[in-house]
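Please look over the chain shown here before reading on. The report describes its overall make-up, its record annotations and its side-chain contacts.

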Amino acid sequence: MTLLKSLLLPPALNVLLVLLGLWLSPKRFLGALLIMLGLFGLVLLATPMASHTLRQGLEPYASPARSQLERAEAIVILGGGRDYQAPEFGWGDAPANPTWRRLAYGAHLHRQSELPILVSGGRVHGEEFAEASLMAAALRDVFVVPVRWLEGESRSTAENARFSAEMLRADGIERIALVSQAWHLPRAVAEFEAQGMEVIPAPTEFTSPPPEGLSAWLPRAYHLNQSTRALNEWLGRAGQSLHQLLP
């Protein structure tokens, strides 16, 4: 499934389109069309305008008001990936940049509310330590924030929700503030609500408006990365919707 998803996302998808076009021969209309589609799509997805448009449709939630946060009984921070062999922290692995953003915002919410924290993330590729352990170490050593629960078995957003909900319900907790990137939260909220949790969305890392004029259409590798993440999330939503339709 991971390989298939990679092939459906840029830049692999664009490369496949170009290779298929070359195989069909650019002398034929379909071959030339596929080559143009692959190259033009790659350039377009690397523009600030495209990445902003793709991400904006994924971000319906605003930051929670203090009155909303007061209703929560715990803060749940979802793992967003890890960096392997990060020597600067002395932990071996370390949270990836998206996870650091979630941890920083979760620590901020904890200082506002003093709510207990659950971190969720497992071993996607059989790593020695669960991602939740790295997240707990970062909160403890960098943000000086305690963690009450470590959910270290999950390998997907759906498993984040299922295993975290089991741990929280064991302590009588049903209402949570859920922390993740703004573009990821709608799918995550749906998964936690499907487990019977009441969720207060706590998004971080919102998309920025594109610059004005020609700069909005100048391709950059950063925006290609943002577009790819957005498309990955749209694929995740499509899979989630399909799963809900199946008996």
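The paragraphs below go from the whole chain to single contacts.

This is a predicted model, in which local features need pLDDT of at least 70, side-chain atom pairs count only at pLDDT 80 or more, and totals for chains, interfaces and linings use all residues. Residues are numbered from 1 along each chain as its sequence is written, and side-chain values use heavy atoms, with hydrogens and water left out.

**Overall make-up**

The protein chain has 10 helices and seven strands; these are DSSP runs numbered from the N terminus, with helices being H or I of at least four residues and strands E of at least two. The C-alpha trace spans about 65 × 45 × 40 Å along its principal axes. Of the 247 residues, 46% are buried. Here buried means under 20% relative accessible area, exposed means over 50%, and partly exposed lies in between (1.4 Å probe, protein chains only).

**Annotated spans**

An unreviewed UniProt entry lists residues 7-24 and 30-50 under "transmembrane region". In the model, residues 30-50 are 90% helix and 0% strand, with the end C-alpha atoms 25 Å apart. For "domain: DUF218", the unreviewed UniProt entry gives residues 73-236. That span is 41% helix and 18% strand, and its end C-alpha atoms lie 28 Å apart. UniProt positions are in the numbering used here, feature names are shortened, and annotations may be inferred rather than shown by experiment.

**Salt bridges**

There are eight salt bridges, each defined as a side-chain nitrogen of Lys or Arg within 4 Å of a carboxyl oxygen of Asp or Glu. The table gives some of them.

| Pair | N to O distance |
|---|---|
| E59 and R55 | 3.5 Å |
| R175 and E73 | 3.6 Å |
| R187 and E233 | 2.7 Å |

In the R175 and E73 salt bridge, R175 belongs to strand β6 (residues 175-181) and E73 to the loop between α5 (66-69) and β1 (74-78), 102 residues apart. R175 counts as partly exposed because its relative accessibility is 30%; E73, at 25%, is also partly exposed.

R187 and E233 also form a salt bridge, and this pair links helix α9 (residues 185-194), which holds R187, to helix α10, which holds E233, across 46 residues. R187 is buried at a relative accessible area of 15%, and E233 is buried at 1%. Salt bridges with shared partners also join R82, D93 and E127 into one network. Both E59 and R55 are buried.

**Aromatic contacts**

There are two aromatic pairs. Rings of Phe, Tyr and Trp (its six-membered ring) pair if their centres lie within 6.5 Å; planes under 30 degrees apart are stacked, over 60 edge-to-face, and the rest tilted. The W100 and F143 ring centres are 6.2 Å apart and their planes stand at 50 degrees, so this pair is tilted. W100 is in helix α6 (residues 97-113), while F143 is in the loop between α7 (131-141) and β5 (149-151), 43 residues apart. W100 and F143 are both buried. Ring pairs link F89, W100 and F143 into a cluster.

**Surface patch**

F40, L44, L214, W217 and L218 form a nonpolar surface patch with about 550 Å² of accessible area together. Patches take residues with over 30% relative accessible area and no salt bridge, joining like charges within 9 Å and nonpolar side chains (Val, Leu, Ile, Met, Phe, Trp, Tyr) within 5 Å. Accessible areas come from the Shrake-Rupley method with a 1.4 Å probe; for residues, only the protein chains shown count as cover. L218 sits in the loop between β7 (198-204) and α10 (221-245), and L218 is partly exposed, at 45% relative accessible area.
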